[in-house]
Amino acid sequence: MTPIRTDWTREEIADIYNSPVLDLIYRAATVHRQHHDPQEVQVCTLLSVKTGGCPEDCAYCPQAARYHTGVKVHKLMEVDEVLTAAQRAKDSGSSRFCMGAAWREVRDNRDFDKVLQMVHGVNAMGLEVCCTLGMLTESQAQKLKDAGLYAYNHNLDTSEDYYGDIITTRTYDDRLDTLGHVRQAGISVCSGGIIGMGESHNDRIGMLLTLSTLPQHPESVPVNALVPVEGTPLEDQPRVSVWEMVRMIATARLIMPKSIVRLSAGRVRMSVEEQALCFLAGANSIFAGDKLLTTANPETDQDQAMFQTLNIRPRKAFKDAETGVPAVQFEQIPL
Ligand code: SF4
């Protein structure tokens, strides 16, 4: 069994990242099988509960108020609307429901109280509840935990060195502070990044280095391919190749063997064969539903067909393993 290490060096990660790609996939697939059931993929649904109008300047994000991207600004959804969406996600096979709000940071106000009610309600449905709400204080993290939050997503986005080229309205340390508050509150950590933003291979290695040398690896590591959106500073970035995604996923799998590695944004442009390569390289989580916050994602029935073709089944909620609640299953659909 590959040991779990948090003392990786940049050189070690670079050696893995730069190894011949088929060898890299083979090694990652081997380690993946030591720590995970390769037939299982976690299915998460992401819902934007508050959209657009964000004061931050993340260069990839259509929800930043300063870019003219045509994203419709929506105030925070009502609790019952969110719970209806969560039930729908559960019925179609999701075991994790993630709620995203385009905020710089959480404020202690009525909107946060509403989010706490949403968390409580989704948790009561037997789903793993995840939120991505921006920066959090220690006490806010604790309130979310007390309401039943299972995981918190807060991506590092890129390397510390390249961060200032992508975002200037907060620092890398702000990011790490929030991850620390989440960890301290006993919430599962979800943190990864985006490739295809003009960063170098060294930056990708740098981001993986930071993630894999945190005191404890994030339980989930999303690997996103930039979906360039018109009106954002990164609108003209070329598409990353599947081999770049595979290299990131396989390296993440090898250096963080127990973590769930999520094939996230950019999946809509991938064929089933390309996604299968990513699963072989160690990805074992996807977002389901036709939207990822504001960008397109494959339709749920396309995913169901892909799962059948690849003999993959959705992973039951981690918390179900503790409670004995039966796994959710996709309906069997004829090919
Ligand atoms: S990524 Fe998040 S923090 Fe950055 S602009 Fe978009 S919504 Fe705001």
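Analyst: The cavities, a pocket, the ligand shell and a helix pair follow. This is a predicted model, where local features need pLDDT of at least 70, side-chain atom pairs count only at pLDDT 80 or more, and totals for chains, interfaces and linings use all residues. Residues are numbered from 1 along each chain as its sequence is written, and side-chain values use heavy atoms, without hydrogens and water.

User: What makes a space a cavity, and how many are there of 30 Å³ or more?

Analyst: On a 1 Å grid over the protein atoms alone, a 1.4 Å probe fits in a cavity but cannot get out. By this rule there are 2 cavities of 30 Å³ or more. The second largest cavity has a volume of about 90 Å³.

User: Which residues line the second largest cavity?

Analyst: Lining residues have an atom within 4 Å of a point. Among them here are A225, R239, M245, R269 and E274. By class, the lining has 6 nonpolar, 2 polar and 3 charged residues. Asp, Glu, Lys and Arg count as charged.

User: What makes a space a pocket instead?

Analyst: A pocket is an open set of points with protein on both sides within 12 Å along at least five of seven lines. The second largest pocket has a volume of about 160 Å³. Of its 13 lining residues, P38, F279, L280, L310 and I312 are closest to its centre. Its lining divides into 8 nonpolar, 3 polar and 2 charged residues.

User: Which residues are around the ligand?

Analyst: They are C54, E56, C58, Y60, C61, A64, A102 and R170. The shell has 6 nonpolar, no polar and 2 charged residues.

User: Why are α1 and α9 called oblique?

Analyst: Angles under 35 degrees count as roughly parallel, over 145 as roughly antiparallel, 65 to 115 as roughly perpendicular and the rest as oblique. The axes of α1 (residues 10–17) and α9 (residues 242–255) cross at roughly 130°. The two helices are therefore oblique to each other.

How values were computed:
Grid points are joined across faces, edges and corners, and a volume is the space filled by probe spheres set on the points. A residue is near a molecule or strand if one of its heavy atoms lies within 4 Å of it. Axes are lines fitted to C-alpha atoms, for helices over the stretch in contact, and angles run from 0 to 180 degrees between N-to-C directions. Helices (H or I, at least four residues) and strands (E, at least two) are DSSP runs, numbered from the N terminus.
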